[in-house]
Amino acid sequence: MGFEFKKMESTENKNQKDFNLDADIEKIKCLIIGSGPAGYTAAIYASRANLSPVIYQGLEPGGQLTTTTEVDNFPGYPEGVTGPVMMEDLKAQAERFGADSRWGIVSSVDLSKRPFKVVVDSKKQIEAESIIISTGATAKYLGLDSEEKYKGAGVSACATCDGFFYKGKNVAVVGGGDTAAEEATYLAGLCKQVYLIIRKNYMRASKAMVERVEKTENITVLYEHTTKEITGSNVVEGATLDYKGEEVKIEIDGFFVAIGHTPQSGLFKEWINIDNEGYIQTISGTSKTNIEGVFAAGDVIDKDYKQAITAAGSGCKAAIDTEKFLAEQK
Ligand code: NDP
């Protein structure tokens, strides 16, 4: 027996394939999509509430934190912890109470009625009584051909992951927000020279971060500069910038992009209310979406805070909301 799926923009072809599948359908009480701090915290609460949650880990098991090094601001770790270790801890804690954590990528969903129909890896079919969306966000890039060319060869979107490779070298960071400011100061501690490329004549980052950047001697802030091209032979060796129509060349070994994130909401946009930046909209003060029984948590709903602890908190809310919802159905 196959599911009938509505047409979805990004997964249209996959959905067509999924439609023709004939497979056993697994019934799940509480399905959690995405495995960052929000997903695993939801899994901890849902498993303790006997909801037998199943968590599909997605493309990046453990979420964005697995690409960071030290996490010093998550309560309960006085000496700090690395991102990957923290995510293993959260996973182990969820599994201790019976959460079923699985490899797999949700390829399509049909939220038109309950139970919700979900297909994993274009083959496994699920009927879920409730869903918690905790799919997170991914880093944005500038969209230059040269940026694509040097990804993994000098272009990165994570200073804490890759900064170590540029010890004693010159690097550039693009962006004027808190992430760029943080990455620039982090890199300044490792590198000889950091160029911070900002397209406006001011930084959007918080006052404290701007001050920190400006006080750091080996950071050169290049206001009103944009990147035309990243240059090099096989690896990054420089960049050509534009300053009010004038060409500016810098010599660098690493090029870090820190211009924000894109929420991973595309799979749900046919059913779920999403704002113009792609964030899932929840009913104020709750994790409830416009579809009863579908809840959302973490960076996919959060355009402001984007912290592991805020994601974890919203995952907790989503599990509690799910528990109440399922209890009301009985
Ligand atoms: P932001 O959206 O705040 O900033 C993005 C920056 O990138 C802006 O300066 C923007 O420029 C610039 N930008 C965007 N697109 C381009 C482009 N194509 N070319 C050049 N520049 C571009 O993202 P962040 O990731 O910095 O921060 C997201 C949120 O997370 C914020 O609310 C921030 O405060 C928070 N955060 C908090 C931290 C903390 O508290 N420790 C740490 C990191 C983030 P423009 O200003 O011109 O639009």
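User: Asp121 lies in the loop between E7 and strand E8 (124-133). Why does Asp121 count as partly exposed?

Analyst: The model is predicted. Partly exposed covers values between the limits of 20% for buried and 50% for exposed. Asp121 has a relative accessibility of 35%, and therefore counts as partly exposed.

User: What is phi of Asp121 near?

Analyst: Phi of Asp121 is near 50 degrees, which is positive in a residue other than glycine. Most residues other than glycine have a negative phi.

User: Why is Lys244 called exposed?

Analyst: Exposed requires over 50% relative accessible area. Lys244 stands at 58% relative accessibility, so Lys244 counts as exposed. Lys244 also has a positive phi, of about 50 degrees, although it is not a glycine. Its place is the loop between strand E15 (236-243) and strand E16 (246-251).

User: What is omega near for the peptide bond from Arg114 to Pro115?

Analyst: Omega is near -5 degrees, and the bond from Arg114 to Pro115 is cis. Most peptide bonds are trans. Pro115 sits in the loop between strand E6 (106-110) and strand E7 (116-120).

User: Which residues touch the most other members of the largest nonpolar core?

Analyst: Ile32, Met86 and Ile132 do so, in a core of 29 residues. Two or more residues each come from strand E1 (25-33), helix H2 (37-48), helix H3 (83-96) and helix H8 (308-329). H8 gives the most, with 7 residues.

User: How many strands form the open sheet, and what is their order?

Analyst: The open sheet has 5 strands, ordered E10-E17-E11-E12-E13, with parallel pairing.

User: What makes strand E10 (155-156) and strand E13 (219-223) edge strands?

Analyst: Each of E10 and E13 pairs on one side only.

User: How do you know that E10 and E17 pair?

Analyst: Pairing requires at least two bridges between the strands. E10 and E17 are joined by 2 bridges and run parallel, and therefore they meet the definition of a pair. Val155 stands opposite Phe255 in E17. E11 and E17 are joined by 4 bridges, also parallel, with Val171 opposite Gly254 in E17. Strand E11 (residues 170-174) and strand E12 (residues 193-198) pair in the parallel sense over 5 bridges, and Ala172 has Tyr195 as its bridge partner in E12.

User: Which way do the residues of strand E17 (residues 254-257) point?

Analyst: Gly254 and Phe256 point one way, Phe255 and Val257 the other, and all are buried. In a regular strand the side chains alternate between the two faces of the sheet.

User: What covers the buried residues of H6?

Analyst: The cover includes helix H5 (159-162), E11, E12, helix H7 (207-215), E13 and E17. The buried residues of helix H6 (residues 178-188) include Ala180, Glu183, Ala184 and Leu187.

User: How do the residues lining the second largest pocket divide?

Analyst: They divide into 4 nonpolar, 3 polar and 5 charged residues. H8 supplies the largest share of the lining, 5 residues, and strand E19 (294-296) also gives two or more. Among the lining residues are Lys288, Phe295, Asp321 and Glu328. The space in this pocket is about 180 Å³.

Methods
Residues are numbered from 1 along each chain as its sequence is written. This is a predicted model: local features need pLDDT of at least 70, side-chain atom pairs count only at pLDDT 80 or more; totals for chains, interfaces and linings use all residues. Side-chain values use heavy atoms; hydrogens and water are left out. A nonpolar core is a set of buried Ala, Val, Leu, Ile, Met, Phe, Trp, Tyr and Cys residues joined through side-chain atoms within 4.5 Å. Buried means under 20% relative accessible area, exposed over 50%, partly exposed in between (1.4 Å probe, protein chains only). On a 1 Å grid over the protein atoms alone, a cavity is a set of points where a 1.4 Å probe fits but cannot get out, and a pocket is an open set with protein on both sides within 12 Å along at least five of seven lines; lining residues have an atom within 4 Å of a point. Grid points are joined across faces, edges and corners, and a volume is the space filled by probe spheres set on the points. Ala, Val, Leu, Ile, Met, Phe, Trp, Tyr, Cys and Pro count as nonpolar, Asp, Glu, Lys and Arg as charged, and the others, Gly among them, as polar. Contact means heavy atoms within 4.5 Å.
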